[in-house]
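Subject: Structure for your review

Dear colleague,

Please find the structure below, together with its sequence.

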Amino acid sequence: MDLQTVLHKDKLNKEDLVFLLGLTDPQDLQAFYAAAYAVKLEYIGNVDFYRGLLEFSNRCIKNCRYCGIRRGNTEVVRFDTPREDILHMARWCYENHYGSLCLQSGERQDEAFISYVEGLIRDIKRIGGGALGLTLCCGEQTEATYRRWFEAGAHRYLLRIETSNPALYAALHPQDGHHEWQVRKDCLDALARTGWQVGTGVMIGLPGQTLEDLADDILFYEAQNIAMIGMGPYVVHHNTPIGNEVVAAGKDSPADRERRLRLGINMVAATRLYLKDVNIAATTALQALHPLGREMALKAGANILMPLVTLPRFRTQYQLYDNKPCLEDGQEECKNCLASRVASIGDRVGWDQWGDSPHFFNTLDRQP
Ligand code: SAH
Ligand code: SF4
């Protein structure tokens, strides 16, 4: 297959995606990323949007076999960020022109949690008269809960499918009836029906995952009419079943990490080339594998950054994977550091804007 021919095709197919995802030659990668960045310029512009990421609680009823805050990890001290601190950070985001806030937590489905989040959304939407765009990332919920949170004023929801391959999903989760691929997919459908701008994504470089799986993930985004993509490399957490298996198999060497980083960037570039007008995040997991991981992703087509605004005293207790960056930084450092990273690649920050996915508005006729 010839790279230039593939890069100039109007519509890529699965074979093309597998070919692109498997590229490793530095010159090929340069041409691939440049083509994806050109699509970003055409459909989005050289502008990157911020969502302040507030990890407000690490309590979780799930036991995902890869995740550092899984229920079974008793080394983690569980925390809830006090309500006034959450509102303080939301106000900080507004005053610092972030445009949007993303509230993330472990998964809870009890009424106390649901109504707590509902009240929080209403209070956050009062700041600046509804000025802050609000994304939620709080796991699987019933359609009724998604509707309550949407009606309270949040409008974007992130729920990663983790992998579009149900067999691989099963290997990554306990088989206890509470970690079902189909339920997760049904949640994505329920979110779309309820009116949310829906985001999903996958982990990249998982044990047992093939390039075909990753190409299928991109086709899955298309089939679900997904507006926002948040995906990143799988990163080992030392105190998890999958992390232990990967380390025991000798598959977490520097070369393995480099491969997962490259695959992560290749996924960003291939998704930008294929889906064109969606929002794509340059996720923190990229930076856990390489100090410049997020800049590389912005240059390969990503357009969303999520600076941490989690309270510094809770950051060490919200480690989904090892080497989480910015553990020591305050929100001021994260803000300034990211702004210079954006400028370093020739982009600018879309201050004070929600930066919604153009894809959502371009496909309103296809929303359920
Ligand atoms: N509980 C919510 C949100 C927090 S977890 C949920 O699961 O949706 C957010 C994301 O972190 C997950 O979707 C998963 O893709 C990612 N994650 C968890 N463990 C990880 C690891 N070891 N490496 C990379 N990403 C991980
Ligand atoms: Fe909980 Fe999300 Fe981690 Fe799964 S990935 S254990 S749902 S925080």
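Which strands and which helix each supply at least two residues of the lining of the largest cavity? They are strand S2 (52-57), strand S3 (100-105), strand S9 (232-233) and helix H12 (284-289). Please bear in mind that this is a predicted model.

A search of the whole structure finds three cavities of 30 Å³ or more. The volume of the largest cavity is about 890 Å³, and its lining consists of 41 residues. Gln-104, Cys-137, Arg-160, Glu-162 and Leu-320 lie nearest the centre of this cavity. By class, its lining comprises 23 nonpolar, ten polar and eight charged residues.

The largest cavity is the space taken by ligand 1. Around ligand 1 there are 18 residues, the closest being Tyr-66, Ser-105, Arg-160, Glu-162 and Val-235. This shell divides into ten nonpolar, four polar and four charged residues.

Backbone atoms also approach nitrogen atoms of the ligand. A polar backbone atom of Val-235 is 2.7 Å from a nitrogen atom of ligand 1. For Tyr-66, a backbone N or O atom lies 3.1 Å from a ligand nitrogen atom, and for Leu-320 the corresponding distance is 3.5 Å. Of the 550 Å² of accessible area that ligand 1 has on its own, the protein covers 93%.

The second largest cavity holds about 120 Å³ of space. Residues that line it include Arg-51, Thr-135 and Met-306. Strand S5 (156-158), strand S8 (228-229) and strand S10 (279-280) each give two or more residues to its lining.

Yours sincerely,
A colleague

Terms used: Residues are numbered from 1 along each chain as its sequence is written. Chains are lettered from A and ligands numbered from 1 in the order in which they are written. This is a predicted model: local features need pLDDT of at least 70, side-chain atom pairs count only at pLDDT 80 or more; totals for chains, interfaces and linings use all residues. Side-chain values use heavy atoms; hydrogens and water are left out. A residue is near a molecule or strand if one of its heavy atoms lies within 4 Å of it. A polar contact is a pair of N or O atoms within 3.5 Å; within protein, one must be able to donate a hydrogen and the other to accept it, and residues adjacent in sequence count only if both atoms are side-chain atoms. Accessible areas come from the Shrake-Rupley method with a 1.4 Å probe; for residues, only the protein chains shown count as cover. On a 1 Å grid over the protein atoms alone, a cavity is a set of points where a 1.4 Å probe fits but cannot get out, and a pocket is an open set with protein on both sides within 12 Å along at least five of seven lines; lining residues have an atom within 4 Å of a point. A molecule sits in a cavity or pocket if more than half of its atoms lie within 2 Å of its grid points. Ala, Val, Leu, Ile, Met, Phe, Trp, Tyr, Cys and Pro count as nonpolar, Asp, Glu, Lys and Arg as charged, and the others, Gly among them, as polar. Grid points are joined across faces, edges and corners, and a volume is the space filled by probe spheres set on the points. Helices (H or I, at least four residues) and strands (E, at least two) are DSSP runs, numbered from the N terminus.
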